[in-house]
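Student: I would like to learn how to read a few features of a protein model. Could we begin with how accessibility classes are assigned?

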Amino acid sequence: MFSTTVKSTSEEDISMLVQKDNHSWNYLCDCGEASLLTVKEIQNTKAVFISHTHIDHFINFDAIIRHQIGTELHVIILGPKGIATQVQSKLKGYTWNLINQDSITYEVRELISANYYIVYELKPPIWELKKVKEVTNKKVFEDKDFSVSCVLLDHKIPTVAYKFQEKGKIKINIKKSDFKPGKWVKELKEAFENNDKEREIIIAENNYSAEDLFYLLEVQLGDSLGIIMDHAPSEKNHQKIQEHFKDCETVYIESFYLNEDKKLAIKNFHSYAAKSGEIAKKARIKNPIPVHFSRKYKSAQIEQLQQEFYTAFKSTIV
């Protein structure tokens with residue numbers, strides 16, 4: 001399962017840390033001020049997912065650099081079109097004459113669309129932007145335990161919303177048969193994962209085709225997590241959110257304005273509390289969490305904003 005911690009206080013710019021149980025690495029979503037983010041957490045971050053590079057989502061990237069230099073890690077950075085040169089500009093803003101090229105490697109994935117991205121590489125001390133390859137894949141990031149897909153939303157610029165999907169677990173129900181457990185179980189699961197229907201499975205000296213035994217298997221869906229940052233409260237954005245995050249377990253969604261400031265939301269291409277709650281319900285999200293509130297609001301108003309979000313979520317009819 002995924003666990004997510006908002007590392008910025010309500011007065012700061014947004015930043016969230018994603019962790020997975022029984023998994024060695026951290027994953028950072030956006031780089032706001034985040035005074036709650038520790039050096040150790042930064043140094044143990046394998047990938048940074050940037051929604052867009054407005055200052056409140058990218059201001060703290062310098063701290064990421066500061067604490068990762070010298071770790072000799074290979075860190076992946078994902079973001080919208082233009083992110084590669086923006087990362088390079090951050091890096092080239094400092095002098096690196098005492099740093100060798102093995103100190104850190106940044107792989108930047110520039111997300112041109114939901115299923116196409118360009119890969120660049122940056123190494124010290126020159127930080128030359130080297131184009132590595134172009135990739136067509138609905139999964140913009142993949143680990144042995146989970147994958148990440150995305151959708152591009154309109155915030156007067158493209159902004160990326162990410163969905164983390166834990167890989168499903170294949171379970172076997174031997175009670176449906178008279179067979180005894182054995183190494184054939186592992187072989188059957190492998191055949192199912194590879195869609196190898198013709199694979200020969202031997203059980204108690206009898207031969208079976210894998211397809212004939214697939215009825216013994218059940219796929220247990222994995223956990224899912226969505227991170228939806230700045231987006232205009234438009235029909236086009238809402239349709240994309242509903243499609244991409246349908247039935248997602250937990251989703252953190254931008255709820256920048258109070259309902260009374262709906263006109264400001266529309267003018268500034270931001271969402272507002274009631275609309276975010278409504279769309280979360282229409283997407284059948286099980287556990288929606290409003291985040292990223294305008295700094296114009298104080299604590300009492302943020303509580304009101306959260307209340308407006310959950311009222312809309314509970315009252316929306318799907």
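Tutor: Start with the cut-offs: a residue is buried under 20% relative accessible area, exposed over 50%, and partly exposed in between. This model is predicted. Glutamine 306, at 30% relative accessibility, therefore counts as partly exposed.

Student: Where is glutamine 306, and what does glutamine 306 touch, not counting residues up to four places away in sequence?

Tutor: Glutamine 306 belongs to helix α10. With those sequence neighbours set aside, glutamine 306 touches Pro290 and Phe293. Its C-alpha atom is separated by 26 Å from that of lysine 20, which is 286 residues away along the chain.

Student: How many helices and strands does the protein have?

Tutor: There are 10 helices and 18 strands. Along the principal axes, the C-alpha atoms fill a box of roughly 70 × 60 × 30 Å. Of the 318 residues, 50% are buried. The accessible surface comes to about 16100 Å², and carbon and sulfur atoms hold 48% of that. Among contacts with a separation of 6 or more, 61% join residues 24 or more positions apart.

Student: How should I read a sheet, and in what order do the strands of the open sheet come?

Tutor: Strands of a sheet pair through backbone hydrogen bonds, in either the parallel or the antiparallel sense. Here 8 strands form an open sheet with mixed pairing, in the order β1-β2-β3-β4-β5-β6-β7-β8. Its edges are β1 (2-6) and β8 (130-136), each of which pairs on one side only. From one strand to the next the twist averages 20°.

Student: In which sense do strands β2 and β3 pair, parallel or antiparallel?

Tutor: Strand β2 (residues 16-20) pairs with strand β3 (residues 26-29) in the antiparallel sense, over 4 bridges.

Student: Next, salt bridges. How many does the structure hold?

Tutor: Side chains of opposite charge can pair when their charged atoms come close. The structure holds 18 salt bridges. In one of them, lysine 20 pairs with glutamate 166, with the closest N and O atoms 2.9 Å apart. Lysine 20 is in strand β2 and glutamate 166 in strand β11 (residues 158-166), so this pair ties together parts 146 residues apart in sequence. Lysine 20 counts as buried at 11% relative accessibility, and glutamate 166 counts as buried at 11%.

Student: How is the salt bridge of glutamate 218 and lysine 176 placed?

Tutor: In that bridge the closest N and O atoms are 3.9 Å apart. Glutamate 218 lies in strand β15 (residues 217-220) and lysine 176 in the loop between β12 (169-172) and α5, so the pair ties together parts 42 residues apart in sequence. Glutamate 218 is partly exposed at 40%, as is lysine 176 at 44%. Salt bridges can also form a network, and one such network links Asp13, Glu33 and Arg295.

Student: Is helix α9 mostly covered or mostly exposed?

Tutor: Mostly covered: in α9 (residues 273-282), 7 of 10 residues are buried. They are Ala273, Ala274, Lys275, Ser276, Gly277, Ile279 and Ala280. These buried residues pack against α7 (235-244), β17 (250-254), β18 (287-291) and α10 (299-315). Just after α9, arginine 284 takes a positive phi of about 60°.

Student: Last, which residues make the nonpolar surface patch?

Tutor: Phe192, Val219 and Leu221 make a patch of about 310 Å². Phenylalanine 192 is in helix α5 (residues 183-193) and is partly exposed, at 30%. Valine 185 touches Ile172 and Ile174, leaving aside residues up to four places away in sequence.

Definitions and conventions
Residues are numbered from 1 along each chain as its sequence is written. This is a predicted model: local features need pLDDT of at least 70, side-chain atom pairs count only at pLDDT 80 or more; totals for chains, interfaces and linings use all residues. Side-chain values use heavy atoms; hydrogens and water are left out. Patches are made of residues with over 30% relative accessible area and no salt bridge: like charges are joined within 9 Å, nonpolar side chains (Val, Leu, Ile, Met, Phe, Trp, Tyr) within 5 Å. Accessible areas come from the Shrake-Rupley method with a 1.4 Å probe; for residues, only the protein chains shown count as cover. A salt bridge is a side-chain nitrogen of Lys or Arg within 4 Å of a carboxyl oxygen of Asp or Glu. Helices (H or I, at least four residues) and strands (E, at least two) are DSSP runs, numbered from the N terminus. Buried means under 20% relative accessible area, exposed over 50%, partly exposed in between (1.4 Å probe, protein chains only). Contact means heavy atoms within 4.5 Å. Two strands pair if DSSP finds at least two bridges between them. Axes are lines fitted to C-alpha atoms, for helices over the stretch in contact, and angles run from 0 to 180 degrees between N-to-C directions.
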